[in-house]
Amino acid sequence: MTERNRLSGPMHDVAGDAGYAEHPARVGFFTDTSVCIGCKACEVACKEWNAVPEDGLDLLGMSMDNTGMLGADSWRHVAFIEQERGIGHQEPALDLLPTGPSGLPETSHAVEPRLRAAPRGGSELGTSPLPGDPEELGMPSFSRPGDGTGAEVRSSVRWLMASDVCKHCTHAGCLDVCPTGSLFRTEFGTVVVQQDICNGCGYCVSACPYGVIDRREDDGRAQKCTLCYDRIGDGLEPACAKACPTNSIQFGDLDELRERADRRLEQLHGLGVEEARLYGRDPDDGVGGDGAFFLLLDEPEVYGLPPDPVVPTRDAPAMWRAAGAAAVAFAVAGVGAFLGAALPGVRR
């Protein structure tokens with residue numbers, strides 16, 4: 001049974017705790033960065049479906065990144081991290097592992113639903129579906145020139161690419177501090193902003209441990225990913241996941257996604273990719289686990305993610321207890337001073 005008024009730790013029924021007596025299973029995103037190709041289809045689909053304004057096309061001097069970070073006008077951000085490795089001393093990137101006939105890593109079959117399962121893309125986004133067969137996707141080969149076998153090849157550079165998004169935390173700091181009720185928990189367990197009743201106070205901005213939510217410059221109201229609340233309510237996949245050609249962004253039942261991620265991580269470790277790790281998967285972390293979590297190939301800081309995020313309200317009970325103890329101490333000191341001054345024979 002879900003406990004009430006909890007501010008930290010695992011919570012098995014966030015929608016029930018929010019007051020939904022009957023509700024569907026909690027949904028979310030699992031982003032497998034090991035198969036992200038940095039195409040930014042997710043960014044474009046998110047902007048197109050949600051009418052998010054264009055936020056600049058400059059490269060910012062940061063690799064091939066033209067977004068920089070999540071914000072009010074960037075609900076999805078594809079990070080490009082270029083890592084230089086000393087020749088002969090570097091570790092192989094995942095994209096240099098043995099490949100199958102299609103040029104995709106052999107590890108790709110561990111991600112379900114498989115690429116072959118269904119065509120990607122859809123008419124509701126104003127696009128034509130992509131071919132279902134990976135060989136027809138027109139994706140670049142993951143092997144290197146001069147290698148006809150697909151065997152591992154050394155390189156001095158590896159690219160890490162990852163599509164970042166709002167984490168839809170179990171314990172969402174933005175939701176906890178919102179004074180107007182603009183932020184609310186949906187029946188799917190996600191966190192959504194109602195811009196029409198947002199007063200632009202900005203409390204949510206400072207309360208987010210990931211720096212996700214932001215205020216739009218033209219009207220000052222808070223904006224962030226809604227996990228396409230309007231689409232999932234109609235039984236549709238979120239726009240970013242629908243547009244992803246490699247199935248790097250996977251949408252579905254959160255419990256099932258966690259099991260899928262565990263299998264994927266085990267497979268990568270079995271292939272020798274020891275640096276692979278899950279981020280936001282653990283319900284015992286500082287936010288009670290994320291509704292959008294990731295498989296990373298390096299430390300979280302490399303991707304611009306905090307290594308140990310904590311919802312600000314987690315320490316609220318301890319702070320109130322400390323404040324209460326201080327108030328009691330002041331009260332006792334005040335009473336003692338008053339009584340001491342009032343005792344007979346006490347020199348004044």
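These legends walk through several close-up views of one predicted model. Because this is a prediction, local features need pLDDT of at least 70 and side-chain atom pairs count only at pLDDT 80 or more, while totals for chains, interfaces and linings use all residues. Residues are numbered from 1 along each chain as its sequence is written, and side-chain values use heavy atoms, with hydrogens and water left out.

**View 1**
Start with β2, which covers residues 76-84. Helices (H or I, at least four residues) and strands (E, at least two) are DSSP runs, numbered from the N terminus. Seven of the nine residues in β2 are buried, where buried means under 20% relative accessible area, exposed means over 50%, and partly exposed is in between (1.4 Å probe, protein chains only). Strand β3, residues 157-165, runs antiparallel to β2, and nine bridges join the two; strands count as paired if DSSP finds at least two bridges between them. To pick out one of these contacts, look for E82, whose bridge partner in β3 is W159.

**View 1. F30 and F293, one of the aromatic pairs.**
Across the whole structure, a search turns up six aromatic pairs. Rings of Phe, Tyr and Trp (its six-membered ring) pair if their centres lie within 6.5 Å; planes under 30 degrees apart are stacked, over 60 edge-to-face, and the rest tilted. F30 and F293 make a stacked pair, with 5.3 Å from centre to centre and 20° between the planes. F30 belongs to strand β1 (residues 27-32) and F293 to strand β10, so this pair ties together parts that are 263 residues apart in sequence. Both F30 and F293 are buried.

Y210 and Y279 are both buried. Now find K167: its charged end sits over the ring of Y210, 4.7 Å from the centre. For a charge to sit over a ring, NZ of Lys or CZ of Arg must be within 6 Å of the ring centre and within 35 degrees of the ring normal. K167 also forms a salt bridge with D164, the closest N and O atoms being 3.0 Å apart. A salt bridge here is a side-chain nitrogen of Lys or Arg within 4 Å of a carboxyl oxygen of Asp or Glu. K167 is buried at a relative accessible area of 2%, and D164 is buried too, at 14%.

The structure holds 11 salt bridges. One of them joins E275 to R158, with 3.4 Å between the closest N and O atoms. E275 is in the loop between α7 (254-270) and β9, while R158 is in strand β3, so the pair ties together parts that are 117 residues apart in sequence. At 17% relative accessibility E275 counts as buried, and so does R158 at 4%. D298 joins in as well: R158, E275 and D298 are linked in a network of salt bridges.

K40 isn't a glycine, yet its phi is positive, at about 70°. You'll find K40 in the loop between β1 and α2 (41-50). Its salt-bridge partner is E43, and the closest N and O atoms are 3.0 Å apart. K40 is buried, with a relative accessible area of 13%, and E43 is buried at 8%.

D285 is in the loop between β9 (277-279) and β10 (292-296). D285 is buried but has no salt bridge, and R258, the nearest side chain of opposite charge, is 7.7 Å away. (Lys and Arg count as positive and Asp and Glu as negative; His and the chain ends are not counted.) What does lie by the side chain of D285 is backbone: a polar atom of that side chain is 2.9 Å from the backbone nitrogen of G288, and a polar atom of it is 2.7 Å from the backbone nitrogen of G289.

Terms used:
Polar contact = N/O pair within 3.5 Å; in protein donor to acceptor, adjacent residues only side chain to side chain.
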